[in-house]
Amino acid sequence: MDKIVVLDFGSQYSHLICRRIRDSSVYAELVSYKISSDELEKLEPNGIIFSGGPASIYNDSAPKPDKAIFELGIPILGICYGHQLIVDNFGGKVKRANQEYGSSSLIIDKSTDLLSGLGDYMRAWMSHGDEAEKIPEGFQVIGHTNASATAAIADTQRKIYGIQFHPEVVHTERGTEILKNFAVDICHAKQEWTMQNFIEKTVNEISQIEGNVLCAVSGGIDSTVTSLLIQKAIGDRLKCIFVDNGLLRYNEEKEIQNMFENSFSLNLTTVAAKERFLSKLKGVKDPEEKRKIIGEEFIRVFTEFAEKNGPFTWLAQGTLYPDVIESGVSKGPAAVIKTHHNVGGLPDWLNLKVLEPLRFLYKDEVRKIAKILGLPEKLVTRHPFPGPGLAVRIIGEVTDKKLQICKLSSRIVEDELTAAGWYEKVWQAYATVGDDRAVGVVGDERKYGNVVMIRVVNSVDAMTADWTRLPTELLEKMSNRITNEIEDVTWVSYVISSKPPATIEPQ
Ligand code: XMP
């Protein structure tokens, strides 16, 4: 498949470059900046993008690409730090400049191929401390801002381009068009990245594998789509396992079993494992430790099942691209935020190969596939839920009481959102509980109860998120129901932190 390969120099938003290119139906993939020229050539990219990054190119430890990459004859676009790498490599000069952060006006000096169709002027989002003082021979300035005389440069002969601003962020007006101009017009990448093509290609690839596959399903859209794609490819050689770990949403285990029985003809076994998960978590407060314990326990359950029902060669999981990036296994320099259990926690002794057909997809792409496969609407629109379940939603030790409060209050939040027509407008919504307590008064009696926090966020891909400005009447209704219907709760608060600096889940 035609593709653009993005070299990651450490910007938290490098992945967004891929996301925006895929919006133009061109496949894009993120790799470490450390990739050798030979390895990169093997990927057969139509174009290469150097991402931004926090370093200054003159630092000793500044990440630099393999120099031979510049000579491959493949079009290159450098963004921010990537722009400065290009200037430096071809003999220009980069200097420390006045920092320029936020929105700037980009004056378009030459509507070259890269900036064609964008008119004379656009808003561009800047975030840099260094800038190109002298551009290399063969390049021309195609755009500038007040603070940056060389904000966009081009060598149209060699097809090498540099832009100081970030086309991947929403604050850059028409940034997607610039990326499309690069991918489609300059690199001639075919716009063949459609979910229908993805299904055909993936099913075809999976049908080549040998041996049986064990697929862990959670009832969520990712693992359900994973299992259905594998079933299409290898039929009866797939067995699915659903582990009821006691950490699911209210009544979810029953709903999941009903859905699998009524909607799909998957070969599914349910393992009741609530007691073993909760006993392993007893006394554990640290979030990363909880994740590790749950990840390991899942693997133990899978392995026991595999020994009794095997042989299996593969373990399939519904891992998505953001999970891979945030777990720090994309081989890029981005920091580990959380070890998502289905990415970071597979032990060496696991005698199964891992099959992750959705590993390169974003959530909205999986939703498109789910629609094509005819999955029930309720499942397609169901909010994402973390693999380690309520254990990472509940702050501190997981106890029966906190589990009960979390399940009941989250159900009230979901019900009220649905009734008010908000459920499908938001990315995720739940209520959580920790160990804080507050005094309340019921009738004439003092009551010392738990504090519940409602979290509702908007997001497009879970990498960034903003808290949802819900109507106060709706919040009031949720709060009243939670304190009236759940015996142990005295206070309800609403979380107004965005990601970053917070994350969507509390742990
Ligand atoms: P955070 O809390 O990191 O969450 O902002 C981003 C998205 O990922 C979900 N999440 C997980 N999903 N395994 C998963 O499959 C995990 O370990 C995990 N942790 C968080 C979270 O619900 C949100 O949608």
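Contact here means heavy atoms within 4.5 Å. By that rule, Leu-474 touches Glu-416, Leu-417, Ala-420 and Trp-422, leaving out residues up to four places away in sequence. The model is predicted. Its pLDDT averages 91, and 95% of the residues score at least 70. The protein divides into domain 1 (3-186), domain 2 (195-380) and domain 3 (393-494).

**Confidence and layout**

- One stretch needs care: over residues 329-337 the pLDDT is below 50.
- This stretch still has 22 contacts in the model, beyond near neighbours in sequence.
- Where pLDDT is low, predicted coordinates should not be read in detail.
- Domain 1 and domain 2 have C-alpha centres 36 Å apart.

**The nine-stranded sheet**

- Nine strands make up an open sheet, in the order β2-β1-β3-β4-β9-β8-β7-β5-β6.
- The pairing in this sheet is mixed.
- Its edge strands are β2 (27-32) and β6 (121-134), and each of them pairs on one side only.
- Neighbouring strands are turned by 20° against each other on average, with direction ignored.
- Strand β7 (residues 140-144) runs antiparallel to strand β8 (residues 152-155), and three bridges join the two.
- Within that pairing, Gly-143 has Ala-152 of β8 as its bridge partner.
- Gln-140 stands opposite Ala-154, also in β8.
- β7 also pairs with β5, again in the antiparallel sense, over two bridges.
- There, Ile-108 has Gly-143 of β7 as its bridge partner.

- Helix α3 (residues 81-89) lies across β3 (47-50), β4 (76-79), β5 (93-108), β6, β8 and β9 (160-163).
- α3 runs at about 120° to β4.
- The helix is mostly covered, with eight of its nine residues buried.
- Those buried are Tyr-81, Gly-82, His-83, Gln-84, Leu-85, Ile-86, Val-87 and Asn-89.
- The cover over the buried residues of α3 includes β3, β4, β5, β6, β8 and β9.
- After α3 comes Gly-91, which has a positive phi, near 95°.

**The five-stranded sheet**

- Five strands form an open sheet in the order β12-β11-β10-β13-β14.
- Here the pairing is parallel.
- β12 (268-272) and β14 (353-355) stand at the edges; each has a single partner strand, so one side of each lacks a neighbour in the sheet.
- The twist from one strand to the next averages 30°.
- Strand β13 (residues 314-316) and β14 run parallel and are joined by three bridges.
- Ala-316 has Leu-355 of β14 as its bridge partner.
- Helix α6 (residues 221-234) packs on this sheet and touches β10 (213-217), β11 (238-244), β13 and β14.
- The direction of α6 makes about 155° with that of β10.

**Thr-432**

- Thr-432 sits in strand β15 (residues 428-442).
- Is Thr-432 buried or exposed? Its relative accessibility is 3%, and buried means under 20%, so Thr-432 counts as buried.
- The Thr-432 side chain reaches the backbone oxygen of Arg-393 at 2.3 Å.
- Setting aside neighbours within four places in sequence, Thr-432 is in contact with Arg-393, Ile-394, Ile-395, Cys-406, Val-451, Val-452, Met-453 and Pro-506.

**Glu-414**

- Glu-414 lies in helix α14 (residues 400-419).
- Its relative accessible area is 14%; the limit for buried is under 20%, so Glu-414 is buried.
- Which residues does Glu-414 contact, leaving aside its neighbours within four places in sequence? They are Arg-249, Arg-382, Tyr-423 and Ala-429.

**Leu-474**

- Leu-474 is in helix α15 (residues 472-485).
- With a relative accessible area of 8%, Leu-474 is buried.
- Beyond residues up to four places away in sequence, its contacts include Trp-422 and Leu-417.
- Leu-474 and Ile-163 are 311 residues apart along the chain, and their C-alpha atoms are separated by 45 Å.

Terms used
Residues numbered from 1 in each chain as written. Predicted model: local features only at pLDDT ≥ 70, side-chain atom pairs only at ≥ 80, totals over all residues. Heavy atoms only, no water. Domains from an automatic or database assignment. Helix = DSSP H or I, 4+ residues; strand = E, 2+ residues; numbered from the N terminus. Buried < 20%, exposed > 50% of the residue type's maximum accessible area, 1.4 Å probe, protein only. Polar contact = N/O pair within 3.5 Å; in protein donor to acceptor, adjacent residues only side chain to side chain. Pairing = 2+ DSSP bridges. Axes fitted to C-alpha atoms, helices over the stretch in contact; angles between N-to-C directions. pLDDT = per-residue confidence, 0-100.
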